[in-house]
Amino acid sequence: MLYRNYGGTGRCVSALGLGCMRLPRDVNEEKGEAPVNREKAFELIKYAADNGITYFDTALGYHGGASEAVLGEALDGGRREKAQIATKQPFSEMKTRDAIRQNLESALKKLRTSYVDVYLIHNIQKSAWENIKKRRIIEEFEQFRSEGLIRSIGFSYHGQYPAFKEILDFYDWDMCQIQQNFMDTEREATEEAIIQAGKKGCALVIMEPLRGGSLAFPPDPIKAVYDAHTPRRTPVEWAFRHLLNYPQTSCILSGMTTLDQLKRNIEIFSQADAVPGCMSEEDKKMLAQVKAKYDSIVTVPCTGCGYCMPCHQGVGIPEVFSLYNEGNMFGAFDQPRRGYMWTTRFHHEASRCVACGACEKKCPQSIEIIKNLQIAHEALKGWLE
Ligand code: SF4
Ligand code: SF4
């Protein structure tokens, strides 16, 4: 296993971290349940800890609150001491000062530990940032650090670069966690976020390196690009090496759900040459071709211009089409479905459309919005947390 510096904390972590958002589950669609399969989850976590992985990422909300408890139980009895545990609290759960403390205390109890190594404000939303500052949430975290309940302070972020930069520059964060992969260098927080985090000496943890696993199984035209390239590597290897190539990367989280995936990934992260500078110019060109091919597979030609908005029924039309296109592009709807579940916390589901037609009149791409919303809703509904 390769290890990397964790920003300016003086600590090192395994370059591969175990994300505990996608622990093995028993999915029962009829009952609408998907509880963690504890036996398989224990096996996975213990194997990771016994084979060089030292970084474990969880959150209050993962698996409906069960993730922290399963991780704590699996690491208990000798493995916790070698592990670094990162967990998170979302602003939506920080109703009062007491609630913030209770949430941390509950996390410590579930994790069976007296401290967590990294405590994050989970998924900072641009719309919540002003309130996070006003309510001095970071000072609460500093208090926890001074009491020895947490060692480092960080944040996770899904969103555009400008808000990321503002959050990053506001405070001397120990770490930040963002979505990046070779498809997102100009999307989400963008590659620039990696560069800026590095400049500040902030530990950088990358999530969604495989875009919810979708980059692991490319469709045939994209597979052909990989196959024509020398040296031959799997799509998963290329996706990881793209991120390992950045010297700023501290740790790459992967939500592995099977022991096979975990073993294969440990092998990739143990290759002696998987270090900064591991991507040649030819390798980078090949990945740029792969990216262009993925981008060309778009089902609904929505540009995200927003001229159709607002919908009086509250449907987030461009967001729905973006997720639907993503599912088709990668031939995998797992991550878009989860995104749809989140989107519907801010917008109503596409099924709320009453076919008034107002949006279609305004769309410069002449998209059949009503029909496509129905199709997209069928493809995106039904995520079980
Ligand atoms: S047709 Fe549907 S999506 Fe479009 S504005 Fe009317 S209700 Fe909203
Ligand atoms: S107006 Fe058309 S292209 Fe623009 S966001 Fe709406 S659906 Fe997409």
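Let me start with F170. F170 sits in helix α6. Keep in mind that this is a predicted model. F170 has 13 C-beta neighbours inside 10 Å, so it counts as partly exposed. Compare its position with G10. In sequence, F170 and G10 are 160 residues apart, and in space they are 22 Å apart, C-alpha to C-alpha.

Helix α6 comes up again when we look at α7. Helix α7 covers residues 190-199, and its buried residues are A193, I194, Q196 and A197. What covers them? The list includes α6 (161-170), β8 (175-179) and β9 (203-207). After α7 comes G201, with a positive phi near 70°.

Now C176. The largest nonpolar core has 81 residues, and I45 and C176 have the most contacts inside it. Which residues does C176 touch, leaving aside neighbours within four places in sequence? They are G154, F155, Y157, L168, A197, C202 and L204. Note A197 there: it is also one of the buried residues of α7. As background, nonpolar side chains tend to be buried together in soluble globular proteins.

One more helix, α2. Residues 66-75 form it, and 7 of its 10 residues are buried, so I'd call it mostly covered. The buried ones are S67, E68, V70, L71, G72, A74 and L75. They pack against α1 (38-50), β4 (55-57), β5 (84-90) and α3 (97-111). Following α2 is G77, with a positive phi near 85°.

Let me step back to the whole chain. The protein chain has 15 helices and 10 strands. How does its radius of gyration sit against a compact globule? For 385 residues, a compact globule would have a radius of gyration near 21 Å; the chain has 21 Å, so the two agree. Along the principal axes, the C-alpha trace spans about 60 × 55 × 45 Å. Of the 385 residues, 40% count as buried. Then contacts. Take those between residues at least 6 apart in sequence: 75% of them join residues at least 24 apart.

Next, domains. The chain is divided into domain 1 (3-288) and domain 2 (317-380). Their C-alpha centres lie 28 Å apart. The contact takes 7 residues from domain 1 and 5 residues from domain 2.

On to the ligands. Ligand 1 has 14 residues around it. Which come nearest? C311, Q313, C353, C356 and C359. Helices α14 (358-362) and α15 (369-380) each supply at least two residues of the shell. The most comes from α15, with 3 residues. By class, the shell around ligand 1 has 12 nonpolar residues, 2 polar and no charged ones.

Ligand 2 has 15 residues around it. The nearest are C302, C305, C308, P318 and C363. Which helix gives the largest share of that shell? Helix α12, residues 317-330, with 3 residues. The shell divides into 10 nonpolar, 4 polar and 1 charged.

Last, some backbone details. Most residues other than glycine have a negative phi, and most peptide bonds are trans. Here are the exceptions I picked out.

First, cis bonds. T230 and P231 are joined by a cis peptide bond, with omega about 5°. P231 lies in the loop between α8 (220-227) and α9 (235-244). The bond from M309 to P310 is also cis, with omega near 0°. P310 is in the loop between α11 (281-296) and α12.

R112 has phi near 55°. Its place is the loop between α3 and β6 (116-122). R112 has 16 C-beta neighbours inside 10 Å, so it counts as partly exposed. N123 has phi near 50°, again positive. N123 is in the loop between β6 and α4 (126-134). Why is N123 classed as partly exposed? Because 19 other C-beta atoms lie within 10 Å, and buried takes 20 or more.

How values were computed
Residues are numbered from 1 along each chain as its sequence is written. Chains are lettered from A and ligands numbered from 1 in the order in which they are written. This is a predicted model: local features need pLDDT of at least 70, side-chain atom pairs count only at pLDDT 80 or more; totals for chains, interfaces and linings use all residues. A residue is near a molecule or strand if its C-beta atom, placed from the backbone, lies within 6 Å of it. Helices (H or I, at least four residues) and strands (E, at least two) are DSSP runs, numbered from the N terminus. Ala, Val, Leu, Ile, Met, Phe, Trp, Tyr, Cys and Pro count as nonpolar, Asp, Glu, Lys and Arg as charged, and the others, Gly among them, as polar. A residue is buried if 20 or more other C-beta atoms lie within 10 Å of its own, exposed if 12 or fewer, and partly exposed in between; C-beta atoms are placed from the backbone. Two residues are in contact if their C-beta atoms, placed from the backbone, lie within 7 Å. Domain bounds come from an automatic or database domain assignment. A nonpolar core is a set of buried Ala, Val, Leu, Ile, Met, Phe, Trp, Tyr and Cys residues joined through C-beta atoms within 7 Å. The radius of gyration is taken over C-alpha atoms; the globule rule is 2.2 Å times the number of residues to the power 0.38.
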